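Please open the structure in a viewer and keep the selection panel at hand. The stops below state what to select and what is found there.

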Amino acid sequence: MIARHAVVHIARHMGDRDAHGNPVITWAEPVRRPVFSWHQLTAEELTAQGINRSMRRLAVLADWTPAIGDRITVLGETFEVDGEPEDWNHGPFAFTPGYRFYLKVWHG
């Protein structure tokens with residue numbers, strides 16, 4: 001399968017700890033990476049009184065994996081990697097289809 005689309009991957013690094021013992025998060029330089037496809041899973045709006053937020057989730061198919069918390073920009077919108085990537089490369093057939101990982105973004 002040919003990766004015909006591209007996203008921007010920004011890896012998250014957990015560095016040293018600050019004076020309070022919290023990890024200091026730094027971000028790598030953005031890297032353009034190929035993907036096979038993506039599709040929207042959900043787009044939901046929270047309707048509880050006083051809440052004006054919505055969340056959008058995507059599933060991405062690629063031959064590489066990001067880490068939880070990395071940032072991925074798809075069509076100009078930046079998402080966060082949500083959960084462990086799924087590895088589909090160990091099936092009974094003579095090919096390696098790659099990985100599926102999930103992204104989410106909150107608005108509001």
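Select Leu103 first. Leaving out residues up to four places away in sequence, Leu103 touches Arg56, Arg57, Leu58, Val60, Ile72, Val74, Phe79, Glu80, Val81 and Asp82; a contact here means heavy atoms within 4.5 Å. The model is a predicted one, in which local features need pLDDT of at least 70 and side-chain atom pairs count only at pLDDT 80 or more, while totals for chains, interfaces and linings use all residues. Residues are numbered from 1 along each chain as its sequence is written, and side-chain values use heavy atoms, with hydrogens and water left out.

Next, display the core around this residue. Leu103 is among the residues with the most contacts inside the largest nonpolar core, together with Trp64, Ile72, Val74 and Phe101; this core has 13 residues. Strands β6 (54-62), β7 (71-74), β8 and β10 each supply at least two residues of the core. A nonpolar core is a set of buried Ala, Val, Leu, Ile, Met, Phe, Trp, Tyr and Cys residues joined through side-chain atoms within 4.5 Å. Buried means under 20% relative accessible area, exposed over 50%, and partly exposed in between (1.4 Å probe, protein chains only). Strands are DSSP runs of E with at least two residues, helices are runs of H or I with at least four, and both are numbered from the N terminus.

Now turn to the aromatic rings. How many aromatic pairs does a search of the whole structure find? The search finds 2. In the pair of Trp64 and Phe101, the ring centres are 5.4 Å apart and the planes are at 50°, so the pair is tilted. Trp64 lies in the loop between β6 and β7 and Phe101 in strand β10, 37 residues apart, and the pair thus links distant parts of the chain. Both Trp64 and Phe101 are buried. Phe93 and Phe95 form a stacked pair, with 6.4 Å from centre to centre and 25° between the planes. Rings of Phe, Tyr and Trp (its six-membered ring) pair if their centres lie within 6.5 Å; planes under 30 degrees apart count as stacked, over 60 as edge-to-face and the rest as tilted. Phe93 is exposed, at a relative accessible area of 61%.

The charged end of Arg33 sits over the ring of Trp64, 4.1 Å from its centre. Select Arg71 and Trp27 as well: the charged end of Arg71 sits over the ring of Trp27, 3.9 Å from its centre. This term requires NZ of Lys or CZ of Arg within 6 Å of the ring centre and within 35 degrees of the ring normal.

Move to Glu77, in strand β8 (residues 77-81). Is Glu77 buried or exposed? At 19% relative accessibility, Glu77 counts as buried. Its side chain makes a polar contact of 2.4 Å with the side chain of Arg56. A polar contact is a pair of N or O atoms within 3.5 Å; within protein, one must be able to donate a hydrogen and the other to accept it, and residues adjacent in sequence count only if both atoms are side-chain atoms.

His90 is exposed, with a relative accessible area of 69%, and a polar contact of 3.2 Å joins its side chain to that of Asp87.

Finally, view the whole protein, which has 0 helices and 10 strands. The average pLDDT, the predictor's confidence in each residue from 0 to 100, is 89.
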